[in-house]
Amino acid sequence: MSAPASFREKLHSFLDPSDGAGPAERAFNALLVTLILLTIAVTIAGTVPEVQREYGRAIRLFDYVCAFVFGLEYLGRLYVTPLRPGADGSVRSYLRYATSPLPLIDLLVLISLMVPATTALASLRGLRLLKLLSLLKLGRYSDSLQLIGRVIRQRAGELLSTVLIVLVLVFIAASLLYQVESSAGTRGFESIPQALWWAVVTLTTTGYGDVYPATPLGKAAAGLIMLFGVGMVALPAGMIASGFAEELSRLRQQETAAACCPHCGKALE
């Protein structure tokens with residue numbers, strides 16, 4: 001006869017059920033999903049001055065309630081760390097879990113909810129939407145996320161080279177337009193740091209139009225720079241797209257081979 005489960009084992013089974021979520025687990029996950037969505041909605045509404053003036057105290061009370069629930073969940077998940085695969089109950093395993101991406105986001109969200117006027121951290125509350133992947137059992141999408149990571153890792157060298165070339169091109173563009181337009185007194189080109197804004201906006205094909213060359217020579221140079229910019233911005237997209245095509249083709253070949261192997265009786269190479 002097996003020994004009765006401890007409180008830690010029961011809590012681990014409740015937070016991360018391996019045999020399917022029961023009514024209690026589904027209700028708790030539904031509560032978390034609702035609070036996460038409401039937190040984002042309240043954060044957005046709280047930036048409206050009229051809403052903040054009229055419902056400021058209610059918003060702070062709601063933040064504290066969410067912080068209490070999220071804090072209990074965070075502490076519970078931290079408490080069951082020794083039962084996770086690869087954990088041994090040492091301080092190091094606790095720190096490793098606490099500094100992993102999702103728990104770290106949870107901690108930052110808790111700080112933003114508890115400490116008033118943390119505007120910078122409040123924007124991080126949106127990152128907690130990533131938790132919906134696990135709460136809503138959207139694990140099938142993790143394969144797509146892993147695919148993105150593999151493609152970026154495979155193309156890291158080419159992407160880094162492209163980024164370096166773009167940085168050099170931005171500096172050259174800003175320096176060139178500074179030399180041409182500063183003597184004419186064109187606004188936005190009084191120094192190279194100021195001209196860098198125009199160079200970044202132009203090379204990324206955003207084109208706000210707040211800063212632009214006024215002299216004929218500056219316009220001619222800007223036209224050439226824009227043509228370079230279109231090509232340079234398209235390069236990373238093309239690399240990633242080709243990487244996706246290659247990776248998807250490889251996965252399809254593996255799936256086809258795995259499906260054909262039991263019938264043909266041939267060993268996979």
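**Note on an all-helix model**

1. **Surface.** The protein chain has an accessible surface of about 17000 Å². Carbon and sulfur atoms account for 69% of that surface. Keep in mind that this is a predicted model.

2. **Overall make-up.** The protein chain holds 11 helices and 0 strands. Along the sequence, the pattern reads α-α-α-α-α-α-α-α-α-α-α. The chain has 269 residues, and 31% of them are buried.

3. **Contacts along the chain.** Take the contacts between residues at least 6 apart in sequence. Of these, 63% join residues at least 24 apart.

4. **The largest nonpolar core.** Nonpolar side chains tend to be buried together in soluble globular proteins. Here, the largest nonpolar core has 17 residues. Which of them touch the most other members? They are L32, L35, C66, F70, L110 and L113. Four helices each supply at least two residues of this core: α1 (7–15), α2 (23–45), α3 (49–79) and α5 (101–114). Helix α3 gives the most, with 5 residues.

5. **A second core.** There is also a second, separate core. This one has 15 residues, including A195, V211, A222 and I225.

6. **Aromatic pairs.** The count of aromatic pairs comes to 4. The distance of the centres and the angle of the planes describe a pair of aromatic rings.

7. W197 lies in helix α10 (residues 192–203). Y208 lies in the loop between α10 and α11 (216–264). The two residues are 11 residues apart, and the pair links distant parts of the chain.

8. **Exposure of the pair.** Are W197 and Y208 buried, partly exposed or exposed? W197 has 41% relative accessibility, so it counts as partly exposed. Y208 has a relative accessible area of 56%. Exposed means over 50%, so Y208 is exposed.

9. **Charges over rings.** Two arginines deserve a look in the viewer. The charged end of R8 sits over the ring of Y79, 4.2 Å from the ring's centre. The charged end of R60 sits over the ring of Y64, at 4.8 Å from the centre of that ring.

Methods:
Residues are numbered from 1 along each chain as its sequence is written. This is a predicted model: local features need pLDDT of at least 70, side-chain atom pairs count only at pLDDT 80 or more; totals for chains, interfaces and linings use all residues. Side-chain values use heavy atoms; hydrogens and water are left out. A nonpolar core is a set of buried Ala, Val, Leu, Ile, Met, Phe, Trp, Tyr and Cys residues joined through side-chain atoms within 4.5 Å. Buried means under 20% relative accessible area, exposed over 50%, partly exposed in between (1.4 Å probe, protein chains only). Rings of Phe, Tyr and Trp (its six-membered ring) pair if their centres lie within 6.5 Å; planes under 30 degrees apart count as stacked, over 60 as edge-to-face and the rest as tilted. A charge sits over a ring if NZ of Lys or CZ of Arg is within 6 Å of the ring centre and within 35 degrees of the ring normal. Contact means heavy atoms within 4.5 Å. Accessible areas come from the Shrake-Rupley method with a 1.4 Å probe; for residues, only the protein chains shown count as cover.
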